[in-house]
Amino acid sequence: MAATREEEIVEKTPVSGSVMVVGAGISGIQSSLDLADSGFKVYLVDKGLSIGGKMTQLDKTFPTNDCSMCILAPKLVATGRHPNIEIITYSDLLKLDGDPGNFVATIKKRARSVDLSLCNGCGLCVENCLVRYKPQIPETRDAGLDLEREEREKVDDLFEVHGRENESLIPIIQSINDEYGYLPKNILRYVSQELDIPFSQVYHVATFYTSYSLEPRGKHTIKVCMGTACHVRGSPRVLDEIKRHLKIEAGETTDDGLYTLETVNCLGACAIGPVVVINDDYYMVKPGEFAETIERFEKSDISPVTTEVEK
Ligand code: FES
C-alpha cells in the first residue's frame, strides 16, 4: 500500500530534539518550561485563546489557600519569553503520525480575525466588536427628557462638581450609586449624552465593578463569603439556608425591598469563616444559625449571634 503524505514526511524527517505539549494549563506550562530549560524545542499547543487554563479563573488554590495568579503569572511570563518555547493557541491537534523521536503533527489553527503582530492587548477590539455590541445609532432624542426635573438638576450638580471630561465618568457614576443605591439606566443615558461618551462605554464601566448595580437594591445587603476557607467550613450550606429563608437567589432582592443577597470571594476574615456580612457588620454564621441572626438583626439588636470582627 502506498505511503500517505504524513508517512512520507515522517520517513524523511530526521530524529529531532523537539517536543510538543498539548494543553497549556498549569501542568502543560510547567512541563514546557522544564523541557525547554533542558534544551528541547517545545511546541505548546492549546485549544483556548490563551495559555493558563482553568487556573487563571481560580481565586485561591486548595488546600494551601495560596493566590493562584501569584503562582501562575510568573510562569506565564517565563513561557511567553522562553526562546525554546513556541506557543500555538486557538488550535487543535488533528493527527499525529510517526514513531518516538520522529513525529509529524497536523494542527489546525482557527481564525482569530486579529493580526497578532499588531495586537498590543488594549482591548479596544472587544469594546467595538460588532458581534457582541450592536452598532451605536446616534441618539436623536434628548436623554434629559426622561428625567424628572429634580433628578436632572441633581445630575447637573454632579457635572459641576466633577466636570465634564472623560475622566469624570467614574466619580460621577460613584456619586449616582451613592445617591440612589444603584445606577438607573435613564440617568446613565443622560450622563453618556452630557459627557459625549458612547453609552456602551458608560455601560461597560457601570457593569465592571461589582459594587455597582443596574437594578434597585434592597435596604440591607447580605454578603455570603464563598472563598476557600469559608467554603470548607460550610458556607454553601449557609447560603442555601439564607436563600430558603429569604426566598431569593444570590443576586436578587426580596419582594419587600429589604434585603439583597450577594456572594463574594473572601472578605478578609478567613479565620472566623463562614463569614456573612450584613451591611457593614461581620458575622460568623454556622449552618443552622442564620434564622436567629436575621431575627435579631430585624429587631435592631445588631449584636451578632457569635462573633463580630473588630473593624
Ligand atoms: S474565605 Fe476569606 S473571609 Fe471567607
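1. Let's start with the contacts. Counting those with a separation of 6 or more, 57% of the contacts in the protein link residues 24 or more positions apart. Keep in mind that this is a predicted model.

2. On the overall make-up: the protein has 311 residues, and 32% of them count as buried. Its secondary structure comes to 11 helices and 11 strands.

3. Now a sheet to look at: three strands form an open sheet in the order β1-β2-β5, paired in parallel. The edges are β1 (18-22) and β5 (85-88); each has a single partner strand, so one side of each has no neighbour in the sheet. On average, neighbouring strands here are turned by 20 degrees against each other, direction ignored.

4. Zooming in on one pairing, β2 (residues 41-45) runs parallel to β5 and the two share four bridges. V42 has I85 in β5 as its bridge partner. Helix α2 (residues 26-37) packs on this sheet and touches β1, β2 and β5. The direction of α2 makes about 165 degrees with that of β2.

5. Is T221 buried or exposed? T221 counts as buried because its relative accessible area is 15%, and the cut-off for buried is under 20%. Apart from neighbours within four places in sequence, T221 is in contact with T260, E262, V277, I278 and N279.

Key
Residues are numbered from 1 along each chain as its sequence is written. This is a predicted model: local features need pLDDT of at least 70, side-chain atom pairs count only at pLDDT 80 or more; totals for chains, interfaces and linings use all residues. Side-chain values use heavy atoms; hydrogens and water are left out. Buried means under 20% relative accessible area, exposed over 50%, partly exposed in between (1.4 Å probe, protein chains only). Contact means heavy atoms within 4.5 Å. Two strands pair if DSSP finds at least two bridges between them. Axes are lines fitted to C-alpha atoms, for helices over the stretch in contact, and angles run from 0 to 180 degrees between N-to-C directions.
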